[in-house]
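Here is a friendly walk through one model, sheet by sheet. Please keep the sequence and the structure open as you read.

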Amino acid sequence: MSLKNKVTKFVLLAVVICLVVVGTGLLTFSFMLSKSTNIEESNENNSIPIAKESQLDDKLNILLLGSDSKYKGHTRADTIMVASIDLTEQKVGIISIPRDTRVKLADRNSYNKINAAYSYDGVELTQRSIENLLQIEIDHYLEVDYQGFIDMVNTLGGIELQIEKDLHYVDQADNLYIDLKAGKTKLYGEDALSYVRFRHDALGDLGRIQRQQKFLKAALDKILDVKTLFKVPELVKDFSQNVKTNLGLSKMLKLASFIPNFSLEEIEMAMLPGEPKYIDGVSYWLPHKEETRVLVNTLIRDKSYLNHKELQLVILNGNGQQGVANDFADLLEQQGYSIKRIGNADRFDYSQTTIVAPQNQLANLEDLSNYLKSQLVVGEEAEIKIIIGQDIDHIRAKQGIVS
């Protein structure tokens with residue numbers, strides 16, 4: 001593949017992903033001209049050292065920030081996520097971190113919202129605080145400004161999709177006005193930004209993530225339209241004006257090798273597990289320790305989360321504790337498993353948690369069996385049944401709030 005063709009494909013993919021980094025957190029790359037001032041080839045004005053132009057690792061973690069630093073005069077990161085890319089397996093895992101997540105800021109003895117880290121010390125403090133929270137290393141960062149999102153949507157000629165319900169929210173203090181009607185429509189800059197940012201309904205950030213994934217699919221269809229090829233020069237200009245990263249040009253081109261096999265089916269995004277809670281009158285999102293640990297292991301470290309989606313699990317209460325089947329269904333859903341149904345086992349005196357599955361599924365269930373410390377039993381039925389026993393407290397003991 002010629003350098004010109006590689007760059008063109010890279011830009012097209014990067015644009016659609018860049019559009020949703022503002023609100024989703026899907027894998028975000030950017031192609032810049034070598035003379036672009038926004039690619040940080042030096043470290044004169046930045047506290048984060050520029051990544052060396054060595055060979056790109058096959059696995060890397062990128063901090064993705066959607067900021068409003070130029071949009072309406074604010075300086076904060078409204079959208080924060082970590083994208084983990086496995087170039088060998090062609091898989092991407094993303095954890096979206098709610099801006100209200102309560103964290104202990106790196107090198108400080110105070111707790112605050114992760115959103116505040118950006119205001120205090122920009123990308124550097126945000127990155128180190130997230131590394132501590134998730135217990136991972138982050139290799140690079142990429143920051144997209146809201147104005148860049150607006151510019152790119154408009155350059156593409158808008159994104160057409162079906163809005164599932166009326167979306168209305170007004171915050172005069174933040175100068176935010178969202179008023180979108182249900183139905184099929186074409187969203188341009190400001191309205192598209194409103195769609196991916198809206199989270200003011202019963203589903204909160206979960207609903208926002210669902211809308212962002214929907215927007216991604218619609219945007220990808222638009223990007224793949226042959227007519228978009230003629231807009232590449234203008235899209236590159238939008239990138240150069242609104243994207244900052246410490247990924248050097250040569251590493252970006254190396255990432256272009258990911259493009260030929262790029263598929264939405266190999267991308268999975270989840271929100272940081274936790275619960276909303278007020279502390280001293282301030283609303284926070286409090287991460288759950290065990291669920292966060294498991295999610296990071298299966299979505300960031302080894303990508304097994306993507307394989308779990310193919311397994312349909314039946315969760316059965318085999319120890320008689322009220323709500324235990326529901327609790328573990330929720331926990332396993334956080335790991336990517338699909339829950340077919342929940343119910344009671346044939347009795348309530350199972351001492352050990354047991355997985356009953358057909359012979360051809362046993363190999364796919366080894367990770368789950370190790371996690372639950374369960375026994376694997378060959379069953380005659382096609383269903384995969386998880387019978388929760390009395391030994392399951394070793395999992396519950398790990399649950400709690402990240403502090």
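Seven bridges join β2 and β3, which pair in the antiparallel sense; here two strands pair if DSSP finds at least two bridges between them. Helices (H or I, at least four residues) and strands (E, at least two) are DSSP runs, numbered from the N terminus. Four residues separate β2 from β3 in this hairpin, and in the turn Q90 has a positive phi of about 60 degrees. M81 has S96 as its bridge partner in β3.

This is a predicted model, in which local features need pLDDT of at least 70 and side-chain atom pairs count only at pLDDT 80 or more, while totals for chains, interfaces and linings use all residues. Residues are numbered from 1 along each chain as its sequence is written, and side-chain values use heavy atoms, with hydrogens and water left out.

On to the other partner of β2. Strand β1 (residues 59-67) pairs with strand β2 (residues 77-86) over nine bridges, in the antiparallel sense. Along this pairing, L64 stands opposite M81 and G66 stands opposite T79. How much of β2 is covered? Ten of its ten residues are buried, where buried means under 20% relative accessible area, exposed over 50%, and partly exposed in between (1.4 Å probe, protein chains only).

## The six-stranded sheet

These strands belong to an open sheet of six, in the order β11-β6-β1-β2-β3-β12, with mixed pairing. The edges are held by β11 (243-245) and β12 (267-271); each has a single partner strand, so one side of each is left without a neighbour in the sheet. Neighbouring strands are turned by 20 degrees against each other on average, direction ignored. Axes are lines fitted to C-alpha atoms, for helices over the stretch in contact, and angles run from 0 to 180 degrees between N-to-C directions.

β6 runs parallel to β1, joined by six bridges, and V144 is the bridge partner of G66 in β6. On its other pairing, β6 runs antiparallel to β11 over three bridges, with L142 opposite T245. Six of the six residues of β6 are buried. In a regular strand the side chains alternate between the two faces of the sheet. In β6, H140, L142 and V144 point one way, Y141, E143 and D145 point the other way, and all are buried.

Which residues of α6 are buried? They are V232, L235, V236, D238, F239 and N242. These residues cover an arc of only 155 degrees around the axis, which puts them on the same side of α6; the arc is that of the directions from the helix axis to the C-beta atoms.

## D100 in its loop

D100 lies in the loop between β3 (91-97) and β4 (102-104). Is D100 buried or exposed? With a relative accessible area of 17%, D100 is buried. Its side chain makes a polar contact with the side chain of K113 at 3.5 Å. A polar contact is a pair of N or O atoms within 3.5 Å; within protein, one must be able to donate a hydrogen and the other to accept it, and residues adjacent in sequence count only if both atoms are side-chain atoms.

Setting aside neighbours within four places in sequence, D100 is in contact with K113, R199, S283, Y284 and W285. Contact means heavy atoms within 4.5 Å.

The largest nonpolar core has 71 residues, of which L63, V82, I97, I130, L134, Y195 and F215 touch the most other members. Its largest share, eight residues, comes from helix α2 (residues 114-134). A second, separate core of 23 residues includes A329, A357, Y371 and I386. A nonpolar core is a set of buried Ala, Val, Leu, Ile, Met, Phe, Trp, Tyr and Cys residues joined through side-chain atoms within 4.5 Å.

## The five-stranded sheet

Another open sheet has five strands, in the order β16-β15-β19-β17-β18, with mixed pairing. Here β16 (338-344) and β18 (375-378) stand at the edges, each with a single partner strand, so one side of each lacks a neighbour in the sheet. The twist averages 20 degrees from one strand to the next.

Strand β17 (residues 354-357) runs parallel to β18, joined by four bridges. A357, listed in the second core, stands opposite V378 in β18.
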